[in-house]
Amino acid sequence: MSNDVVQDATPSQPGGGGQVAPPPPNGAVADAGDTGYSKDLKARHINMIAIGGAIGTGLFLGAGGRLASAGPALALAYAVCGLFAFFVVKALGELVLHRPSSGSFVSYSREFLGEKGAYVAGWMYFLNWSTTGIADITAIALYTHYWSFFTDIPQWVLALIALAVVLAINMISVKIFGELEFWFAVIKVAALVVFMAIGIVLLATQHPVGGTTPGLGQITDHGGVFPSGLMPVVIVMQGVVFAYSCVELVGVTAGETAEPHKVVPKAVNAIMWRVGFFYVGSVLLLALLLPWNQFEEGESPFVTVLSKLGVSGAGDVMNLVVLTAAMSSLNSGLYSTGRILRSMAAAGSAPRFTARMNASQVPYGGILLTAAVCVVGVGLNYVVPGKAFEIVLNIAALGIISTWCTIMLCHIVFVRRAKAGLVARPSFRLPGSPVTEWVTIAFLVGVVVLMWNDPDVGRRTVMLVPVIAAALVGGWYAVRGRVRALAAEEQLK
């Protein structure tokens with residue numbers, strides 16, 4: 001066990017009421033950042049958060065541009081990335097059953113990889129969600145401008161209002177967060193189910209869509225599955241991975257539910273069929289309804305199909321759904337980073353104020369830090385309103401790939417310790433370990449390497465890796481003294 005690991009830490013946290021975390025199972029390491037939370041998230045909240053994590057703007061909006069570049073093979077890309085996303089969340093689910101923690105993979109990194117691992121995992125996740133938050137408020141402003149009533153309001157003002165509203169909701173209580181995410185997920189799922197029902201009817205009845213007849217001919221008569229070759233499919237993998245970037249939220253929410261050992265396995269197992277049905281199924285359906293080259297970047301593919309049918313108001317309805325997806329993502333980002341930063345602050349690798357909780361048992365310090373970065377996004381919307389979304393989206397992709405790799409590395413060490421008799425594996429397990437973990441890591445690293453083939457966006461994203469690495473190294477030297485001092489104090493208790 002690393003000397004940096006904080007063992008059995010049980011200090012009172014500000015606003016936490018002096019509560020002490022219960023002894024962890026299997027002799028696991030306790031996380032001081034887990035103290036003081038309420039257990040107000042119910043099974044229905046966790047299940048719908050799991051659904052909402054797998055359905056977002058990446059499907060409702062991004063699938064249009066990806067279909068236009070990759071063709072019907074996009075369904076294959078979603079299937080492949082979805083499988084690896086399932087492996088990641090399955091590994092995380094096993095770690096949750098080993099020891100539920102609001103610090104989630106940061107807490108597990110501390111236990112299995114040492115404090116340096118927790119430091120890198122935490123700050124890369126913060127990078128992911130803070131930049132995603134900027135993308136979300138930018139998207140919300142753009143979607144709101146769709147309606148003429150809001151056209152005259154500057155984009156940065158709408159972005160600031162969106163941030164203020166979601167921030168206020170997050171500060172009230174975790175129960176309000178859970179309810180909001182529940183209904184956000186209901187809206188997204190209902191919209192997809194309705195569209196897919198319409199699409200299946202159109203396919204079954206061979207009803208013309210935009211002057212063409214739905215069916216396999218829409219694929220075979222327009223270049224086949226790979227109309228533009230394999231490389232466009234490879235290039236869109238970065239965006240497809242990002243589309244799944246909220247599935248790991250299940251691990252964070254486990255620390256605030258009363259029965260994680262019952263709730264989490266069901267939620268994790270359900271992710272696989274949801275991914276297959278909603279992502280792969282809907283993209284395949286889109287490709288069967290219209291030729292791939294009739295979809296456009298910047299327009300929801302669902303709106304494209306419905307507009308070809310002459311359905312009035314389709315754009316308004318889908319714009320509302322996409323707006324909901326962006327609000328949901330922003331809500332989740334503030335929630336998760338607040339918990340992750342509190343776990344880090346308890347070990348000394350994040351600012352002390354991020355450990356603070358309010359009377360409603362909400363870690364407001366970490367949430368405010370994330371919101372502060374999002375305010376920078378408001379500035380981007382003022383300075384470069386046309387480029388704000390693209391600038392931050394690619395940085396966020398690096399953050400989520402790093403997070404997923406960290407989860408798999410933690411699981412590898414966890415399984416090794418289980419084989420050595422140091423911990424006990426639960427019956428809910430990731431199959432094929434350690435091959436599954438290494439194949440997943442190789443795939444994720446491969447996505448980053450292949451980004452270089454995209455000179456417009458991907459290459460510039462990869463060039464940020466040395467900059468981010470240098471910032472992490474400098475940050476570690478700044479906090480390592482405090483981290484080691486806190487670890488030493490805990491070992492003396």
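What we have is a predicted model.

Salt bridges to start. There are three of them in the structure. Side chains of opposite charge can pair when their charged atoms come close.

Take glutamate 94 and arginine 425. Their closest N and O atoms sit 2.5 Å apart. Glutamate 94 is in helix H4, while arginine 425 is in the loop between helix H16 and helix H17, so this pair links distant parts of the chain, 331 residues apart. Arginine 425, at 21%, is partly exposed.

Next, glutamate 111 and arginine 99, which meet in a salt bridge at 2.9 Å, N to O. Glutamate 111 belongs to helix H5, residues 104–112, and arginine 99 to the loop between H4 and H5, so the pair ties together parts 12 residues apart in sequence. Both count as buried: glutamate 111 has 3% relative accessibility, and arginine 99 has 4%.

Then arginine 110 with glutamate 115, where the closest N and O atoms are 2.8 Å apart. Arginine 110 is buried at 4% relative accessibility, and glutamate 115 is buried at 0%.

Now the surface. Which residues form the nonpolar patch? They are Leu76, Val225, Phe226 and Leu230, with about 360 Å² of accessible area together. Leucine 76 is in helix H4, which covers residues 74–98. With a relative accessible area of 46%, leucine 76 is partly exposed.

Conventions
Residues numbered from 1 in each chain as written. Predicted model: local features only at pLDDT ≥ 70, side-chain atom pairs only at ≥ 80, totals over all residues. Heavy atoms only, no water. Patch = residues over 30% accessible without salt bridge, like charges linked within 9 Å, V, L, I, M, F, W, Y side chains within 5 Å. Areas by Shrake-Rupley, 256 points an atom, 1.4 Å probe, with all protein chains shown as cover. Salt bridge = Lys/Arg side-chain N within 4 Å of Asp/Glu carboxyl O. Helix = DSSP H or I, 4+ residues; strand = E, 2+ residues; numbered from the N terminus. Buried < 20%, exposed > 50% of the residue type's maximum accessible area, 1.4 Å probe, protein only.
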